[in-house]
Amino acid sequence: MASIVLFGPPGAGKGTQAAIIMAETGLPQVSTGDMLRAALSQGSSLGMEAKSFMEAGKLVPDSIIIGLIENRLKENDASNGVLLDGFPRTIAQAEALMEIEEVEVVLSIEVPDERIIKRICGRYSCPQCGAVYHDSFNPTTSEDICDNCSHHGMKRRADDNEETVSSRLKAYHSQTRPLADWYSQRGLFQAVDGDRDIELVGQSLLKVLSELRGE
Ligand code: ADP
Ligand code: ADP
Ligand code: ZN
């Protein structure tokens, strides 16, 4: 079966919407950012290689990322397709993906640059279940306790600061955004307005999916 790609700038809401789409489709979420952070915290050589790029807000080299995805898609739970979050981010990655997996649709969450800094600088998440929160836009009900799994102690990402955000946006516009045309030419690109409430964005994404599937 085919996979779904969640596309958009850093902080667009890919991880947030992944939870909604996962609940609907049952596809497992595959986030290259999460995989790289896990590798980093385990101190693996892959994590060490990726570290300086991530800290600088630059893309990790294609060879590393493509290897990571190739292995992940071989796992049993990926046999019916996955929900890709943060991959592909370059044309080379999209070409590599085409060789190993069918893409059902690329769902793009469109958010203007001027919104991104606030979203990223207020982001925190649950280290246990991965639920994503925001200081003002989507806070936990009780401070530091996850609404989803009751875990105590939320975490913030080292790269979620203003300096890194501008490099990440630059990388997005120069290296990742060209994929919008690349996938449009293949009839796979569907954009929704991501500059609205989380629930509304989720509804739009699910509508695109159900229309596509003729439901
Ligand atoms: P991405 O995975 O694309 O980097 P996230 O899902 O982590 O984005 O969202 C970035 C931040 O913005 C998080 O703090 C999240 O709670 C918040 N956020 C996500 N979607 C919205 C939205 N539609 N409106 C306001 N804030 C949002
Ligand atoms: P964001 O919230 O910016 O979408 P991610 O968690 O997806 O963040 O990615 C964090 C960092 O990990 C990126 O800034 C980049 O350094 C690296 N990274 C993640 N996915 C990729 C990818 N597909 N290609 C290259 N680098 C990646
Ligand atoms: Zn949790």
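Mentor: Helix α4 (residues 62-72) packs against helix α5 (residues 91-100) at about 25°, and their axes are 10 Å apart. Helices here are DSSP runs of H or I with at least four residues, numbered from the N terminus. Axes are lines fitted to C-alpha atoms over the stretch in contact, with angles from 0 to 180 degrees between N-to-C directions. It's a predicted model: local features need pLDDT of at least 70, side-chain atom pairs pLDDT 80 or more, while totals for chains, interfaces and linings use all residues. Residues count from 1 along each chain as written, chains are lettered from A and ligands numbered from 1 in written order, and side-chain values use heavy atoms, without hydrogens or water.

Trainee: So are α4 and α5 roughly parallel or perpendicular?

Mentor: Roughly parallel, therefore, to each other; that label covers angles under 35 degrees.

Trainee: Switching topic: how many residues surround ligand 2?

Mentor: 19, with T32, R37, K58, G86 and Q93 the closest. The cut-off is a heavy atom within 4 Å.

Trainee: Which helix gives the most to that shell?

Mentor: Helix α2 (residues 32-42), with 4 residues.

Trainee: What about polar contacts, say at R168?

Mentor: A polar side-chain atom of R168 is 2.9 Å from an oxygen of ligand 2. V60 uses a backbone N or O atom, 3.0 Å from a ligand 2 nitrogen. For ligand contacts, the pair of N or O atoms must be within 3.5 Å.

Methods
Polar contact = N/O pair within 3.5 Å; in protein donor to acceptor, adjacent residues only side chain to side chain. Helix = DSSP H or I, 4+ residues; strand = E, 2+ residues; numbered from the N terminus. Parallel < 35°, antiparallel > 145°, perpendicular 65-115°, else oblique.
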